Amino acid sequence: MPSPEVAGEYPIVATVANTNVDATVENGTLTVSVGTIDAGTPPVTTAEVVYGTKLLTIGFGAHPHGTWAWDTTKYDETTLVGDAGEHLFRAVFTPTSALFEKVSADVKITVTKKTVTVVMT
């Protein structure tokens, strides 16, 4: 029988192993319905980074049933986090298990000023 992650109908066959027992065996069908589970919020819901940081370099913690990543339909490897201040960016959870659904969430990034040291000689 497939794992319970796979919805569908499966035959049930009963076998009576004891010949000293009178038993009526009725075969039937087991129907499995599978719902999905929301993955919840990203493991990182807020972060503080320095001005000039590329968004895709900010990673997420592991999830046992999928992957959190930045929404690459909106951002690419050149996307910077922006000027100093708070910014929202969209993250997407892509499940590896049929028990979970694909979801998205906003993540607040606080960008701090970059310190630059000028040395004059």
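Me: What should I know about the model before we start?
Reply: It is a predicted model, in which local features need pLDDT of at least 70 and side-chain atom pairs count only at pLDDT 80 or more, while totals for chains, interfaces and linings use all residues. Residues are numbered from 1 along each chain as its sequence is written, and side-chain values use heavy atoms, with hydrogens and water left out.

Me: What is the order of the strands in the open sheet?
Reply: The four strands of this open sheet follow the order 3-6-5-4, with mixed pairing. Strands are DSSP runs (E, at least two residues), numbered from the N terminus, and two of them pair if DSSP finds at least two bridges between them.

Me: Which strands stand at the edges?
Reply: Strand 3 and strand 4 (66-70) do; each has a single partner strand, so one side of each is left without a neighbour in the sheet. On average, neighbouring strands of this sheet are turned by 35° against each other, direction ignored; the axes behind this angle are lines fitted to C-alpha atoms.

Me: How do strand 3 and strand 6 pair, parallel or antiparallel?
Reply: Strand 3 (residues 46-50) pairs with strand 6 in the parallel sense, over five bridges. Glu48 stands opposite Thr110 in strand 6, and Val50 stands opposite Thr112.

Me: And how many bridges join strand 5 to strand 6?
Reply: Nine bridges join strand 5 (residues 85-95) to strand 6, and the two run antiparallel. Thr110 of strand 6 is the bridge partner of Glu86. Strand 4 and strand 5 also run antiparallel, joined by five bridges, with Thr67 partnered by Thr94 in strand 5.

Me: Which residues of strand 6 are on its covered face?
Reply: The covered face has Val103, Ala105, Val107, Ile109 and Val111, whereas Ser104, Asp106, Lys108, Thr110 and Thr112 are on the uncovered one. In a regular strand, side chains alternate between the two faces of the sheet. For strand 3, Ala47 and Val49 make up the covered face, and Thr46, Glu48 and Val50 the uncovered one.

Me: New topic: how many aromatic pairs are there?
Reply: The count is five aromatic pairs, where rings of Phe, Tyr and Trp (its six-membered ring) pair if their centres lie within 6.5 Å; planes under 30 degrees apart count as stacked, over 60 as edge-to-face and the rest as tilted. One of them is Trp70 with Phe89, edge-to-face at 6.3 Å centre to centre and 75° between the planes. This pair links distant parts of the chain, with Trp70 in strand 4 and Phe89 in strand 5, 19 residues apart.

Me: Is Trp70 buried or exposed?
Reply: Trp70 counts as buried because its relative accessibility is 5%; buried means under 20% relative accessible area, exposed over 50%, and partly exposed in between (1.4 Å probe, protein chains only). Phe89 is also buried, at 7%.

Me: What about Tyr75 and Phe89?
Reply: Their ring centres are 5.5 Å apart and their planes at 70°, so the pair is edge-to-face. Tyr75 is buried, at 12%. Phe60, Trp70, Tyr75 and Phe89 form one aromatic cluster.

Me: Which residues make the nonpolar surface patch?
Reply: Val116, Val118 and Met120 make it, with about 390 Å². Patches use residues with over 30% relative accessible area and no salt bridge, joining like charges within 9 Å and nonpolar side chains (Val, Leu, Ile, Met, Phe, Trp, Tyr) within 5 Å. A salt bridge is a side-chain nitrogen of Lys or Arg within 4 Å of a carboxyl oxygen of Asp or Glu, and accessible areas come from the Shrake-Rupley method with a 1.4 Å probe.

Me: Where is Val116 found?
Reply: Val116 is in the segment after strand 6 (103-112), and it counts as exposed at 62% relative accessibility.

Definitions and conventions. Axes are lines fitted to C-alpha atoms, for helices over the stretch in contact, and angles run from 0 to 180 degrees between N-to-C directions.
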